[in-house]
Amino acid sequence: MEERRRIGAYGVLRGSGGRVLLVRGGSGCPVPGVWQVPGGGVRHGEHPVAAVVREFAEETGLTVEATGVRDAVADVTIFRGPDVAVHTDRLVFDVEARGGDLRPEPAGGGTDELGWFTPQEAAGVPLMPFTAELLGLPVTPLPDGLPRALPAGQAAAATADRGQRFAAYGLVTDPDDRVLLTRIATGYPGAGRWHLPGGGTDHGEQPAAGLLRELVEESGQLGTVVGLLTVSNLHHPAALGPEGRPMDWHAVRVVYRVRVEAPTEAVVTELAGGSTAEAAWFTKAQVAGLRMTEVAALATGHPGR
């Protein structure tokens, strides 16, 4: 079975009486007849925040503003004929309405109906599993017999000249408030700079689980995820790919807060794959003087050098 990846951005808009705005999948949706919070696929090079604003306008007629990242989850949907397993990394934002007129998406779009639901009311309609989880409802499999089609233009496999990658990183601290960083090895983009622990997640892997796996591989530390910090977006149209040829590269990265209660000497394992040269703990004063990647500087609050 072929494995593919996609990234989606979704928004939770709350109304009166504890209700949440939901939309129902239409004929142009991969799973028609099923309800979810508004949102959809992130286009190549598009920031997830821009994607959720665009999707809200298309599906509901509303102009919204993302006020914070709420969750990052992943799931796998099987599509038949051809057999394809699509892994979707879903970034969920809290949003607030700023204008527009509420209306369903025009005919032929990805949704065909919308409505305000309390969690109790939403329990009575078919829900995408990630939406059920957001509403605190039991997660159940999608109903049998629903037609399923690959998401149009969103689940294509990466090519040699263009790629989109989802990754999970951590702002990792210990009880002494030291920060754990990893240094990028020679031959990799950003070589020599200090970076956040983490990396690309595997097919079928949850973002937080992927980060904790990478933490062990890159530094030998056992950590606990304590919160979701931010979402970072990097579009590099002329990045050098693995074979030294230009590649239109789009990376979407979630950054978690991670706590290591019993820190040990940071040691890179063979499982890190060669991209990590070393790992080390730093005090806040030491971090300020390091050459860091953009995402590490963003998370630590230091500009780097």
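This is a predicted model: local features need pLDDT of at least 70, side-chain atom pairs count only at pLDDT 80 or more; totals for chains, interfaces and linings use all residues.
**Salt bridges**

I started with the charged pairs and got 22 salt bridges for the structure, where a salt bridge is a side-chain nitrogen of Lys or Arg within 4 Å of a carboxyl oxygen of Asp or Glu. Residues are numbered from 1 along each chain as its sequence is written, and side-chain values use heavy atoms, with hydrogens and water left out.

I looked at aspartate 202 next. Its side chain meets that of arginine 213 in a salt bridge, 3.7 Å from N to O. This pair links distant parts of the chain, eleven residues apart: aspartate 202 sits in the loop between strand 11 (198-200) and helix 4 (207-219), and arginine 213 sits in helix 4.

My scale is relative accessible area: buried is under 20%, exposed is over 50%, and partly exposed is in between (1.4 Å probe, protein chains only). Aspartate 202 is partly exposed at 40%, and arginine 213 is partly exposed at 22%. Glutamate 217 counts as buried at 13%.

I also noted glutamate 261 and arginine 259, whose side chains form a salt bridge at 3.3 Å, N to O. Glutamate 261 counts as exposed at 55%, whereas arginine 259 is partly exposed at 26%. Elsewhere, salt bridges with shared partners join Arg43, Glu46, Arg54, Glu55 and Glu58 into one network.

**Helix 1**

I went over to helix 1, residues 48-60. It has 13 residues and runs 18 Å from its first C-alpha to its last, close to the 18 Å expected at 1.5 Å a residue; the expected span is 1.5 Å times one less than the number of residues. Its buried residues are Pro48, Ala51, Val52, Arg54, Glu55, Phe56, Glu59 and Thr60. After the helix comes glycine 61, with a positive phi near 80°.

**Strand 9 and its partners**

Which strands pair with strand 9? I found strand 8 (residues 162-173), antiparallel over two bridges. Strand 14 (residues 276-282) is antiparallel to strand 9 over six bridges. Strand 10 (residues 194-195) is antiparallel to strand 9 over two bridges. I call two strands paired if DSSP finds at least two bridges between them.

I wrote down one residue pair for each. Valine 172 has leucine 180 in strand 9 as its bridge partner. Arginine 183 stands opposite glutamate 278 in strand 14, and threonine 182 stands opposite histidine 195 in strand 10.

The hairpin of strand 8 and strand 9 has five residues between the strands, and in it aspartate 177 takes a positive phi near 65°. Strand 9 (residues 179-184) itself is mostly covered, with five of its six residues buried.

**Aromatic pairs**

My search of the whole structure turned up three aromatic pairs. The rule is ring centres within 6.5 Å for Phe, Tyr and Trp (its six-membered ring); planes under 30 degrees apart are stacked, over 60 edge-to-face, and the rest tilted.

One is tryptophan 35 with phenylalanine 117: the centres are 4.9 Å apart and the planes at 65°, so I logged the pair as edge-to-face. Tryptophan 35 is in strand 3 and phenylalanine 117 in strand 7 (residues 111-117), so the pair ties together parts 82 residues apart in sequence. Tryptophan 35 counts as buried at 6%, and phenylalanine 117 is buried at 13%.

Another is tryptophan 194 with phenylalanine 282, with centres 4.9 Å apart and planes at 80°, so this pair is edge-to-face. It links strand 10, which holds tryptophan 194, to strand 14, which holds phenylalanine 282, across 88 residues. Both are buried.

**Glutamine 36**

Last, I looked up glutamine 36 in strand 3 (residues 35-36). Buried or exposed? Glutamine 36 is buried, at 13%. Leaving out residues up to four places away in sequence, glutamine 36 touches Tyr10, Leu22, Val23, Met128, Phe130 and Thr131, with contact meaning heavy atoms within 4.5 Å.

Definitions and conventions: Helices (H or I, at least four residues) and strands (E, at least two) are DSSP runs, numbered from the N terminus.
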